[in-house]
Amino acid sequence: MKNNRPKISVIVPVYNVAKYLPQCLDSLILQLYDNLEIICINDGSKDNSLDILNEYAQKDARIKVISQENRGLSATRNRGVKEATGEWLTFIDSDDWVSLCLYQKFVDDINKCEKNIDIYIFDGFHFGEIDVENFHCVQQFWDMMNWQNFQRTPPVFKFAECINPFKGLVAAYLKIYRTEWYLKNNFQFAEGIIFEDILFHIQSGLKADNIYLNDDWLYCYRIHGSSILRTLKRNVFDIFKIMELLKQEFIKEGIFEKYKYLFFNEQYFQYDEKLKYCPPELKTEFLQKAKNELIITASELDENIYNQSPDISRYYSLMSTPI
């Protein structure tokens with residue numbers, strides 16, 4: 001029998017976000033749906049983030065505070081999963097916040113749905129700090145038109161029905177996972193590497209029998225000067241490891257032929273994006289490796305087909321950038 005009021009474990013990795021942390025926590029403790037456990041893991045913060053966490057924990061018994069030496073986002077998320085006791089689990093970055101109706105909407109949707117849901121995906125937007133120099137327009141993450149027969153009711157899909165599985169959907173914080181299914185598949189975020197959400201999105205999506213889509217804007221992703229993209233060092237080269245792991249995942253599942261053109265599209269998109277934030281002293285090395293990787297991939301594809309991509313100009317622009 002379905003539990004109409006399931007416990008949701010919200011995992012909040014915390015690292016040096018004292019400026020933004022109260023807004024994140026407020027958006028959780030003030031949720032319309034209250035059957036939550038809020039697992040906050042202080043990942044070796046050097047500011048007063050831990051003080052803020054302890055202050056909130058004293059006020060709300062649903063907040064559990066764990067401290068550890070700095071291990072990175074993936075390891076911190078994995079630790080949170082081990083601590084979770086809810087029937088559902090989800091992640092939120094501690095410099096972001098969520099709509100106060102997010103978890104109530106989620107519970108209402110799954111209670112009305114007769115199918116067993118493995119992943120519930122919701123929408124959101126990202127924006128920059130509001131100042132003249134660094135303002136970024138508000139942008140939506142994804143839309144339903146990227147799914148076949150997207151107007152169906154209820155909006156439950158197979159992963160294979162996503163027209164482009166890379167398009168705006170990769171972030172782990174846009175999803176709620178059924179805990180039993182998550183643990184049965186032994187999912188783990190790749191540790192010691194960044195950009196891991198891309199790989200995790202594909203690995204988990206391929207194992208899901210039913211994915212529920214809610215395109216309401218319920219997550220607010222903040223871009224600021226301390227965001228991962230804006231503090232890249234040599235770890236920017238992790239994107240090459242992630243793309244290779246992603247390719248191997250498709251090959252292992254026997255579906256690389258189906259996704260190889262979309263994979264190529266994602267390759268040059270990711271390399272072009274990361275080049276923008278690459279430290280100046282590493283740009284030449286990064287660009288050379290990106291070009292070499294793309295030459296290898298393109299040599300195994302039909303040029304007439306990949307040239308039909310709507311953003312193929314991005315590929316040629318990258319390849320023509322002088323080293």
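Helix H6 (196-207) supplies three residues, the largest share, to the lining of the largest cavity. Helices (H or I, at least four residues) and strands (E, at least two) are DSSP runs numbered from the N terminus. The model is predicted, with local features needing pLDDT of at least 70, side-chain atom pairs counting only at pLDDT 80 or more, and totals for chains, interfaces and linings using all residues. Residues are numbered from 1 along each chain as its sequence is written, and side-chain values use heavy atoms, with hydrogens and water left out.

One cavity of 30 Å³ or more is found in a search of the whole structure. On a 1 Å grid over the protein atoms alone, a cavity is a set of points where a 1.4 Å probe fits but cannot get out, and lining residues have an atom within 4 Å of a point. The largest cavity holds about 50 Å³ of space, a volume being the space filled by probe spheres set on the points, which are joined across faces, edges and corners. Its lining consists of Ile119, Ile121, Trp147, Phe159, Lys175, His201, Ser204, Gly205 and Ile211. Strand S6 (119-128) and helix H6 are the elements that give two or more residues to this lining. By class, five lining residues are nonpolar, three polar and one charged; Ala, Val, Leu, Ile, Met, Phe, Trp, Tyr, Cys and Pro count as nonpolar, Asp, Glu, Lys and Arg as charged, and the others, Gly among them, as polar.

Phe237 and Phe286 form an edge-to-face pair, at 5.6 Å centre to centre and 65° between the planes. This pair links distant parts of the chain, 49 residues apart.

Thr153 and Pro154 are joined by a cis peptide bond, with omega about -5°. Asn149 has a positive phi, near 50°.

Methods
On a 1 Å grid over the protein atoms alone, a cavity is a set of points where a 1.4 Å probe fits but cannot get out, and a pocket is an open set with protein on both sides within 12 Å along at least five of seven lines; lining residues have an atom within 4 Å of a point. Rings of Phe, Tyr and Trp (its six-membered ring) pair if their centres lie within 6.5 Å; planes under 30 degrees apart count as stacked, over 60 as edge-to-face and the rest as tilted.
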